[in-house]
Amino acid sequence: MILKHLITGTAALALMAGTAFAQDVAREDTVIFDLDRTITDPTNFNWLTDGTGVRRMHGGHQVMWEPMFILNYGTGDLDPWLATGFEANDDSTEFTVTLRDGVEWSDGEAFNADDVIFSVEMALANEEITAREAATLRSQVGSIEKVDDLTVKMTLNAPNPRFMVENFGIRIFGSFLIMPEHVWAGEDPATFTFPEPIGTGPYTFTSAATNRAIWDRNDDWWGAKTGFQDLPAPQRVIFLETGGEESRAQLLANNDLDASQNISVGTFEAVRAQNPSVIAWYDDYPYTAADPCARQLEINTTVAPWDDARMRRAVAHIIDRTQIVNVAAEGATTASRTMFAEYGSMAPFIDAAIEAGHELPATADVAAGQALIEEAGWTRNGDYYEKDGETLSVAIHVNSASTEYTRTIDVIVEQLQRAGIDARAVPVENGVFWGEVLPFGSYEMSYSWLSCGSVNEPWASMGRYTVRDVVPVGERSPGFNNTSRWTGEAAEAYSAIIYDMEGRALGDPEIPSMVAEAYGYLAEGMPFIPLVQSAKLIPFNTTHWTGWPTNENYYNHPFFWWNHTHQIIHNLEAAQ
């Protein structure tokens, strides 16, 4: 049984290399967050060049680097943080942002317009800055200018009514982060490691090793001095690599972990039986919170035989989404009907695609898939299809960082095998997956969520597959857009509609019909196959801390590896 051998409190502390509590901060004053990856370079805090967020997820953008705004998933509003507001001109090509007065870096220097301008211009001027947020900003912003010490104006290359939420509002995972000019000035942004990082947040960096990072509260934090927010209650924050689901479960059961990464339903129920103080988004099954990044199978359209759209559509027929839900997700999610995450505000666009005949089936139609394979010239010979002496096979790359990913691909591999395709899973380490496999097109198929983005309108997801983002295999796809390298007549027609949609105001009444038309070309070309909605079971431990986000306490979503975690930290209260 998963909890047969529980890790003791002493053993848990040993996991932190004996240094986590070096300053004698009491356990009840410390909040411990789960980290689902190894910190490969603990002294490098240059988040601009990693491209995957790995240098910011062990506390950097949760407790040290604060965002301008935070998108509230409950209300749809942009809650102000470092900025107090913004104004856009009529065609959404100019955005004037007002910064909050009194903000300071942790070393006492004032945070102001000069820092914002410096950071934005650094991203604009340096192509070697490859982080997704920097690349997105570089593709959109033409110039930035100072209005006064607390006001900046950004001029865009093209109209974009979504600009602020895309770049500075934490729509998905993070936002473009402002760096201190007085530290970064004169440094090479491609090589500077920022080994003694500072931010405006209420915690300062103490130490890090490959398996944990430690942050201590700055009692001189600007937010408390100005009345913006009280000092957060935890004196120390630790991000601890737990080593997987079984270890997370053991640490939760023993009160040695306060917030866990995603675990399975069975594991959660076993933990809660041992420790009733462990909670989730919902009190009852399936316990999970909806994730905005619906899962999909990405297909490299440049690699034979998957360069034939019939073969891509064949795989889409063979995949049984209901089996993925039941086996890989333990029934804790639902089959995707379209590419979009099923949030209420997305209903008009989902309905438009479905009414146009593009709803994905929940179950497989293997015969239809095999007919397309045979139409493409393949003949079944025993277990597998063959053509010109070659066996029909496919390697599916999968990030090994989560059992969700690997279990899903195991199900898909079995489905394809039964249908006559010699499929195999290729698990790779997280950094390799996001740093090499996906952006450079080094795959045949891969499991991902690259159409992630649309939580309140369709362009954010649909805009990721236009032909303007196509680069040759071996070159980095901009912002992970169209890593499938999808081109051709269907892609061109699709892209033309999406380009028109891009500049339209949010709420334009013509957008649902545009979605329906564009979706027809997407279904024809099938550069990726939507699979299932994503839901995460995020356990929180209330033994030491209360105030965690839940459906009953919905101040925002519970994904504590995102940049909005500042809100979670400020809502925590000591359990006593």
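**Close-up views of a predicted model**

**View 1. The second largest pocket.** In this predicted model, the second largest pocket has a volume of about 480 Å³. Its lining is made up of 28 residues. Lying nearest the centre of the pocket are A290, D291, E342, Y343 and Y554.

**View 2. Strands in the lining of the second largest pocket.** Two elements each give two or more residues to this lining: β12 (289-291) and β21 (534-536). The largest share, three residues, comes from β12.

**View 3. Residue classes around the second largest pocket.** The lining has 14 nonpolar residues. Another twelve are polar, and two are charged.

**View 4. Helices α17 and α18 packed together.** Helix α17 spans residues 489-502, and helix α18 spans residues 511-525. They pack at an angle of about 160°. Their axes lie 8 Å apart. Angles over 145 degrees count as roughly antiparallel, so α17 is roughly antiparallel to α18. The crossing of the two helices is left-handed.

**View 5. The contact of α17 with α18.** From α17, the contact is made by A490, A493, Y494, I497, I498, D500 and M501. From α18 come I511, M514, V515, E517, A518, Y521, L522 and E524. Which classes do the residues of this contact divide into? Twelve are nonpolar and three are charged, with no polar residues.

Note on methods. Residues are numbered from 1 along each chain as its sequence is written. This is a predicted model: local features need pLDDT of at least 70, side-chain atom pairs count only at pLDDT 80 or more; totals for chains, interfaces and linings use all residues. Side-chain values use heavy atoms; hydrogens and water are left out. Axes are lines fitted to C-alpha atoms, for helices over the stretch in contact, and angles run from 0 to 180 degrees between N-to-C directions. Helices (H or I, at least four residues) and strands (E, at least two) are DSSP runs, numbered from the N terminus. Angles under 35 degrees count as roughly parallel, over 145 as roughly antiparallel, 65 to 115 as roughly perpendicular and the rest as oblique. A crossing is left-handed if the near helix is turned anticlockwise from the far one by less than a right angle, and right-handed if clockwise. Contact means heavy atoms within 4.5 Å. Ala, Val, Leu, Ile, Met, Phe, Trp, Tyr, Cys and Pro count as nonpolar, Asp, Glu, Lys and Arg as charged, and the others, Gly among them, as polar. On a 1 Å grid over the protein atoms alone, a cavity is a set of points where a 1.4 Å probe fits but cannot get out, and a pocket is an open set with protein on both sides within 12 Å along at least five of seven lines; lining residues have an atom within 4 Å of a point. Grid points are joined across faces, edges and corners, and a volume is the space filled by probe spheres set on the points.
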